[in-house]
Amino acid sequence: MLLKSWWKILSFVLLMYTCTVGFLIKIPLLDGRMQQSVRNLFFHVPMWFCMQTLFIISVIYAIRYLIKPNPIHDYYSLEFARTGTVFGVLGLITGAIWANYQWGEPWSGDPKQNGAAIALLIYLAYFVLRGSVTDENKRARLGAVYNIFAFAMLFPTIWILPRLTESLHPGGLGSEGNPGLNPNDTSPQMEMVFLPAIIGWILLGVWISTLFTRLRIYKERLYDAI
Amino acid sequence: MAKSFAQNVANNNADQNNFMTSEGKIFVVMAVVIVIVIGLFLYLFNLDRKISKLEKNIKS
């Protein structure tokens, strides 16, 4: 059991570490703008890393389904996309909370906010599309093709366009740093928590997705047995 | 606008006798977050076990 579940235990350990040390680690106390809220780096930002990872896994299974129409690949693709969307929505909400106190309003029409919202709307349409098709094979095939399109749209909306224009997020034109963090706002010690936090949250997202997938496989097999 | 929401942090040096009330009560926040995360993991652990049992039943 330990051999198969070590990564779940690792997720727990890493998130325990994040939730303790993350509150205690030294942050740069610069002007009064960010203050303690820069610790959101360990919570809000990993939501997006997790979403991206889950969507990568989802599209891999979508491609695998198109190569060989095994329904289990379709279930993996669906459930990883579902959990990825949940993490994306959590990222949007936590970002709006943080933005309200950092930038003055929860939604500023910032390019990255808009891009992330668009990317998530495209994935929501994936679920609507699947729901509109009754035939299983057709649903899985259409879903897989649309999944690839939705995944491809992540890149212009989240990775590329927000870097090309002026943005409130770090990484935009005229802003410092990469889109994840601004080195002027963070301390080197924070990286000690940032990377374990990302891995911990990603492993948690993978665990939740696998649980949903196993449940779906169980349910569908059960119906097939009848 | 923040002043109408945020608590004024007066009295920083009192209440240093108690561990939880020291350091600006960050340990209180930490306790809350730890409880939430542990609760989440306990829920997932139980769900995982339940699904494993279902899978074992159907395989036999």
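In this predicted model, A:Arg82 is partly exposed, with a relative accessible area of 30%. Its salt-bridge partner is A:Glu79, and the closest N and O atoms of the two are 3.0 Å apart.

Other salt bridges bring the two chains into the picture. Across the interface of chain B and chain A, the rule finds three of them. A:Lys8 pairs with B:Asp48, with 2.6 Å between the closest N and O atoms. Because A:Lys8 lies in helix H1 of chain A and B:Asp48 in helix H2 of chain B, this pair joins two chains. Both A:Lys8 and B:Asp48 are buried. B:Asp48 also forms a salt bridge with A:Arg214, and here the closest N and O atoms are 3.0 Å apart. A:Arg214 in turn forms a salt bridge with B:Glu55, at a closest N to O distance of 3.1 Å. This pair, too, joins two chains, since B:Glu55 lies in helix H2 of chain B and A:Arg214 in helix H6 of chain A. Taken together, A:Lys8, A:Arg214, B:Asp48 and B:Glu55 are linked in a network of salt bridges.

Leaving aside neighbours within four places in sequence, A:Arg214 is in contact with A:Lys8 of its own chain and with B:Asp48, B:Ile51, B:Ser52 and B:Glu55. Helix H6 of chain A also holds A:Tyr218, which is buried with a relative accessible area of 17%. With residues up to four places away in sequence not counted, A:Tyr218 touches B:Leu54, B:Glu55 and B:Ile58. Along chain A, A:Tyr218 and A:Asn184 are 34 residues apart, and their C-alpha atoms are separated by 50 Å.

Turning to the interface as a whole, the contact takes 19 residues from chain B and 18 residues from chain A. The two chains bury about 1900 Å² between them, and 84% of this area is on carbon and sulfur atoms. Five residue pairs are in polar contact between chain B and chain A, both residues being at pLDDT 80 or more. Chain B itself has two helices and zero strands. Of its 60 residues, 17% count as buried. Chain B exposes about 5000 Å², of which carbon and sulfur atoms supply 61%.

A:Trp201 illustrates the packing: beyond residues up to four places away in sequence, its contacts include A:Leu15, A:Phe42, A:Phe43, A:Pro46, A:Met47, A:Cys50 and A:Phe87.

Key
Residues are numbered from 1 along each chain as its sequence is written. Chains are lettered from A and ligands numbered from 1 in the order in which they are written. This is a predicted model: local features need pLDDT of at least 70, side-chain atom pairs count only at pLDDT 80 or more; totals for chains, interfaces and linings use all residues. Side-chain values use heavy atoms; hydrogens and water are left out. Helices (H or I, at least four residues) and strands (E, at least two) are DSSP runs, numbered from the N terminus. Buried means under 20% relative accessible area, exposed over 50%, partly exposed in between (1.4 Å probe, protein chains only). Accessible areas come from the Shrake-Rupley method with a 1.4 Å probe; for residues, only the protein chains shown count as cover. Contact means heavy atoms within 4.5 Å. Buried area is the accessible area (1.4 Å probe) that two parts lose on being put together, summed over both. A salt bridge is a side-chain nitrogen of Lys or Arg within 4 Å of a carboxyl oxygen of Asp or Glu. A polar contact is a pair of N or O atoms within 3.5 Å; within protein, one must be able to donate a hydrogen and the other to accept it, and residues adjacent in sequence count only if both atoms are side-chain atoms.
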